[in-house]
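Reader: I am new to this structure. Could you take me through the terms used for it and show what each one rests on?

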Amino acid sequence: MTDNPLEAYSESLRQQLEEQDPVVLVGVIVALAVVVITCVFLKYFLTSKTVRSAVLLVGLCDSGKTLLFIRLLSGKFKRTQTSITDSSAPYKAKNDRNCTWTLIDLPGHDSLRSQYLEKFKSAAKAIVFVVDSAIFQKEVRDVAEFLYMLLTDPVVYRIAPTLLVVCNKQDVAMAKSAKLIQQQLEKELNTLRVTRSAALSAQDGSVGGSLYLGKKGKDFEFSQLPMKVEFLECSARGSKGKDGDGDIESLEKSLAKL
Amino acid sequence: MLDFFTIFSKGGIVLWCFQGAGVSESFTGPVNALIRSVILQERGGNNSFTHEALSLKYKLDNEFELIFVVGFQKILTLTYVDKFIDDVQLHFRDRYKNELVQKGALKLLNNTFDFEDRFKKLLREAEETSKARSPAPMRSFKESEKSQKTVKSMIETKGGDKSKEQAGKKNKNTKKEGKQSGCLYFICILFIMMIFTTHSKSPKPQKPKEKANRVWDNAGSSTKNLDYSSKNGEASPGEDQKNLEAQFDPVSSPWSEPSESGGFGGMFGMLKGLVGSKSLSREDMEPVLEKMRDHLIAKNVAADISSQLCESVAKKLEGKVMGTFTTVASTVKQALQDSLVQILQPKRRVDILRDVMEAQSQRRPFVVTFCGVNGVGKSTNLAKISYWLIENGFSVLIAACDTFRAGAVEQLRTHQRRLNSLHPPEKHGGRPVVQLYEKGYGKDAAGIAMEAIAYARNQAFDVVLVDTAGRMQDNAPLMTALAKLIAVNMPDLVLFVGEALVGNEAVDQLVKFNQALADHSMSDKPRLIDGIVLTKFDTIDDKVGAAISMTYITGQPIVFVGTGQTYNDLRSLNARAVVGALMKA
C-alpha cells in the first residue's frame with residue numbers, strides 16, 4: 001500500500017517537472033550550484049590558519065619590557081612608565097631571510113595581563129618572557145605563577161610558540177645568572193603543579209588550567225615542554241645607562257633564529 | 001614652581017618630560033604610583049592624587065593615547081594648574097598631530113618632541129595670570145569717598161536740636177584741638193556722631209521698598225490660565241504635547257534636526273553616525289552612562305561606586321575616536337566591561353596553598369583571621385576552608401576567639417568532630433588533623449589567639465584559623481578589640497567575610513573595618529584587610545554586584561566564594577563569569 005502513494009507522488013512530480021519551462025529548471029539548478037560553491041569557499045576561508053607572526057613581550061611589572069621594546073626597535077634609550085595598553089610595531093629580524101615580525105609589548109600589571117594575553121596569544125610565534133634578575137629572589141613565586149599560567153593555557157599549549165626567557169637587568173651587581181634562574185623556576189614550577197591542581201574550581205563550575213605541566217612522576221624540567229625554551233641574559237639599560245647601547249645581542253640572535 | 005611635567009603614551013614610552021629647577025629626584029616612582037592606584041583601579045573620577053610630599057594632577061588624552069601628568073609640592077596651592085594642563089594638552093596635540101595620529105610605536109620612538117620653549121612660554125603665561133588676579137590693595141582713607149564728605153553733610157536734619165548740640169560740642173572741642181585730651185575727645189564725639197548718623201539713616205525720606213509680587217518666568221499673569229476644567233477633552237492632549245515638546249526641545253534638538261530635514265536626511269545622519277571616525281564627547285555618552293549606572297545599581301552594586309565607575313569610564317573614553325560600525329552604546333559597554341574585569345582581577349598573587357607551604361618550610365604556622373559583621377557565615381566558611389586544607393594534607397588548629405556568642409565554641413567543636421571523622425587520625429600519621437583551641441566564654445579574644453598560635457608552633461600545626469565574633473562596624477569598643485587582636489598577633493592573612501546579599505552597606509562595613517584596623521595599630525604599616533570571602537553566593541542569581549563593591553573599596557581580591565552549607569561548597573572567583581552575569585540585560 002505504501003508503494004502506491006509513493007509511486008503516484010513520484011509520477012506526479014515527474015509530470016510537474018516536465019510541464020515546467022526548461023529555463024526555470026536550469027535557473028534552479030544554477031542557484032543550487034552557486035549555494036554549494038559558496039559553502040565550499042566559506043569553509044575553505046574559515047578554516048585557513050591565521051598567520052602567526054607576533055612576538056609578545058610579557059613579564060611582571062617593572063621587569064623592563066617597554067625599554068627592551070624600545071631598544072630592539074630603535075636602539076635608543078627612553079624613559080618609561082608603567083604601561084596600561086599594548087604597543088606594537090614591526091621588527092626586522094637581523095638575519096639573511098629578512099623576515100619581519102610584529103613586536104608587541106604587553107602591560108605587566110596583574111589586573112591587565114590576562115586581558116591582553118587573551119587578545120594576542122593566538123597570533124604568537126614566540127613569547128619573550130622578561131624576568132627582573134636583580135630582585136628575582138623576592139619575586140620568584142610571582143614569576144613562577146605567571147609562567148605557570150602561561151604554560152598551562154590551552155591555546156598556548158596547542159600553538160607551542162618558542163619561549164625565550166630573558167633575564168633582564170644584568171647590569172645590576174646583584175643580578176642572578178640565567179642558569180640559577182632556570183633552576184629556581186624549575187623547582188618552583190614543580191611545587192606549583194601540585195598546589196594549582198588542588199586549587200578550588202570557579203563558582204560557575206569551570207576549572208582553570210587542567211593541563212599537567214611536564215611528566216607525572218618526574219621533577220619538572222623545561223625540556224619536558226612541547227615548545228622550545230631558551231634562557232638568555234641581557235640588559236636593556238646597558239652598562240653605560242642612557243648614553244650607551246643596551247646589551248641585547250643574545251636576544252637579537254635568538255629572534256633571528258626564529 | 002612645578003616639580004615635574006611628563007607627557008607619555010599609554011604604552012609607557014615617555015615622549016617629553018620637564019623637571020623643575022632644583023629637583024633631583026626622579027619622578028618615575030610617583031607617576032607609577034599614580035597609574036597603579038588611580039588609573040588602573042578605576043578611581044579616575046577626580047584627577048588629583050597625593051603621594052608622600054607631592055601632589056599630582058593628570059589628564060588623559062584618549063584620542064592619541066597620551067597621559068599628561070604634572071607634579072608639585074603638596075603644601076603649595078597653585079591655582080593655575082588645571083587650566084595649565086589643558087593648555088599644554090591643546091598645544092602639544094596641535095603641534096604634533098601628524099606624528100601622533102599614526103598608530104604604532106615607531107613614530108613615537110623616532111621623534112624627539114621638542115616642546116621645551118613652548119612649554120616654558122605657557123608656564124610663564126600661566127604664572128603671570130595667576131599673579132595678576134591677586135587681590136587689589138586696599139584704598140587709604142584719603143582716597144575714599146568718605147574723606148571728601150563734610151561732617152555736616154552726613155548729619156540728618158531730623159533731630160535738629162541734637163545736631164545743634166553736637167555742633168556746639170564740636171565747636172567747644174575745636175578750641176581744645178591742640179591739646180591731646182581734646183584730640184581724643186574730638187575723636188570720641190566723631191565716633192558718637194557717626195553712630196547717630198547710622199541710626200538716623202534708617203528712617204530715610206524715601207519710601208521703603210514694598211514687597212513686590214514675585215513673577216515666575218513660565219507662569220501666566222492670572223490664575224485663569226490654570227483652569228483646565230473647560231478644555232478637558234480635545235485641547236488638553238495637544239497642549240500637553242506642546243508643553244512636553246517645549247521641555248524636551250533642548251535635549252532632543254540634535255536628534256530632531258535630521259528628522260525635520262526629511263526622512264532621507266535622517267537616514268544619512270544615522271549612517272554617518274555609524275560609519276566614519278567620530279570622536280566621543282560627554283554629551284554623547286551621558287544617556288548611555290545613565291542607563292549603565294541604573295543597570296549596575298539594579299544588579300546590587302553600591303550606588304556611589306556605580307557613579308564613580310561610570311565617571312571613570314567617561315574619563316577614559318572622552319575624545320576617543322570610534323571605529324566604523326560601532327555605536328556609542330557598544331563602545332561604552334565594552335569599556336565598562338573591561339574595567340569591571342580589571343577591578344575583579346586580583347592585584348597580587350592569590351595562592352593560599354603555596355603560602356602555607358612557604359610557612360611550613362619556615363617552621364611556623366600560617367595564621368588566618370576571619371572578621372566580619374554578625375551572621376555572614378564566618379564559622380561555616382571557616383569549617384569549609386579547613387576541610388579544603390585537610391584534603392590537601394595540612395593540619396589545622398581552629399582558635400575559638402568568639403567568646404561572646406552562645407554556642408560558638410560548641411559549633412566549632414561539632415565541626416572538628418565531623419572533620420576528624422571524615423579524615424580519621426589513623427590515616428594521617430596517628431594524630432588528629434583538626435584540633436580546637438578554646439578557653440570557654442567571656443575571655444579576651446586577643447589573648448586566646450596569641451596562646452593558640454604559640455600552641456600551634458609548639459605542636460607543629462600547619463595552619464591556624466582564628467574565628468572572631470561578629471561585630472557591627474559602628475560599635476567602637478568591639479572594633480578596637482578586633483584591631484587589637486590583629487595588631488598584636490600579626491596574622492598572615494586577614495580575611496573579611498561578607499555576604500553577597502549586602503548592598504550599599506558593604507561600602508560602609510569595609511571602610512569602617514579598614515579604618516579601625518588602621519587607627520588602632522601601633523606600627524606605621526598597619527595590617528589591613530588582605531582578602532575577601534564572599535558568602536551565600538548561591539542565594540543571588542545574577543545580582544552579583546556586591547563582589548564589585550567590595551573589591552573596588554578595598555582593592556583586595558576575593559579569595560573564596562561560599563556557595564552553600566556543606567563542606568564542598570567552596571569556590572574561587574571567575575572574574576569573567578561574574579562580569580558576564582553583571583552585564584547581562
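**Domains, contacts and labels**

Author: Start with chain A: its domain assignment gives domain 1 (7-47) and domain 2 (54-202 + 210-257). Keep in mind that this is a predicted model.

Reader: How far apart are the C-alpha centres of domain 1 and domain 2 of chain A?

Author: These two C-alpha centres of chain A lie 57 Å apart.

Reader: Why is S10(A) called partly exposed?

Author: The relative accessibility of S10(A) is 29%. Buried means under 20% and exposed means over 50%. The value for S10(A) falls in between, so S10(A) counts as partly exposed. This residue is found in helix α1 (residues 3-19) of chain A.

Reader: How far is S10(A) from Q183(A), in sequence and in space?

Author: S10(A) and Q183(A) are 173 residues apart in sequence. In space the distance is 77 Å, C-alpha to C-alpha.

Reader: What makes up the contact between chain A and chain B?

Author: Chain A gives 43 residues and chain B gives 54 residues. About 4100 Å² is buried between the two chains. Carbon and sulfur atoms give 55% of that area.

Reader: What makes R141(A) and E358(B) a salt bridge?

Author: The closest N and O atoms of R141(A) and E358(B) are 3.9 Å apart. The rule asks for a side-chain nitrogen of Lys or Arg within 4 Å of a carboxyl oxygen of Asp or Glu. The 3.9 Å value is within that cut-off, so the pair counts as a salt bridge. The count between chain A and chain B is six salt bridges. There are also 12 residue pairs in polar contact between these chains, both residues at pLDDT 80 or more.

Reader: Which elements of chain A give two or more residues to the side that touches chain B?

Author: They are α3 (65-74), β2 (87-92), α4 (110-120), α5 (136-151) and α7 (178-197) of chain A. The largest share, six residues, comes from α4(A). By class, this side of chain A has 12 nonpolar, 18 polar and 13 charged residues.

Reader: Why is D530(B) called buried?

Author: D530(B) has a relative accessible area of 15%. Buried means under 20%. The 15% value is under that limit, so D530(B) is buried. D530(B) lies in the loop between α19 (505-519) and β11 (531-535) of chain B. Leaving out residues up to four places away in sequence, D530(B) touches R348(B), D492(B), L493(B), V494(B), Q556(B) and P557(B).

Reader: How do you know that D530(B) and R527(B) are in polar contact?

Author: Their side chains are joined at 2.4 Å. The cut-off is a pair of N or O atoms within 3.5 Å.

Reader: Which domains does the assignment give for chain B?

Author: It gives domain 1 (4-130), domain 2 (279-344) and domain 3 (352-574). The C-alpha centres of domain 1 and domain 2 of chain B lie 25 Å apart. Their contact takes 12 residues from domain 1 of chain B and 14 residues from domain 2 of chain B.

Reader: What does the interface of domain 1 and domain 2 of chain B hold?

Author: These two domains of chain B bury about 1000 Å² between them, 45% of it on carbon and sulfur atoms. On the side of domain 1 of chain B that touches domain 2 of chain B, three residues are nonpolar, five polar and four charged.

Note on methods
Residues numbered from 1 in each chain as written. Chains lettered and ligands numbered in written order. Predicted model: local features only at pLDDT ≥ 70, side-chain atom pairs only at ≥ 80, totals over all residues. Heavy atoms only, no water. Contact = heavy atoms within 4.5 Å. Buried area = accessible area lost by both parts, 1.4 Å probe. Polar contact = N/O pair within 3.5 Å; in protein donor to acceptor, adjacent residues only side chain to side chain. Helix = DSSP H or I, 4+ residues; strand = E, 2+ residues; numbered from the N terminus. Nonpolar A, V, L, I, M, F, W, Y, C, P; charged D, E, K, R; others polar. Domains from an automatic or database assignment. Buried < 20%, exposed > 50% of the residue type's maximum accessible area, 1.4 Å probe, protein only.
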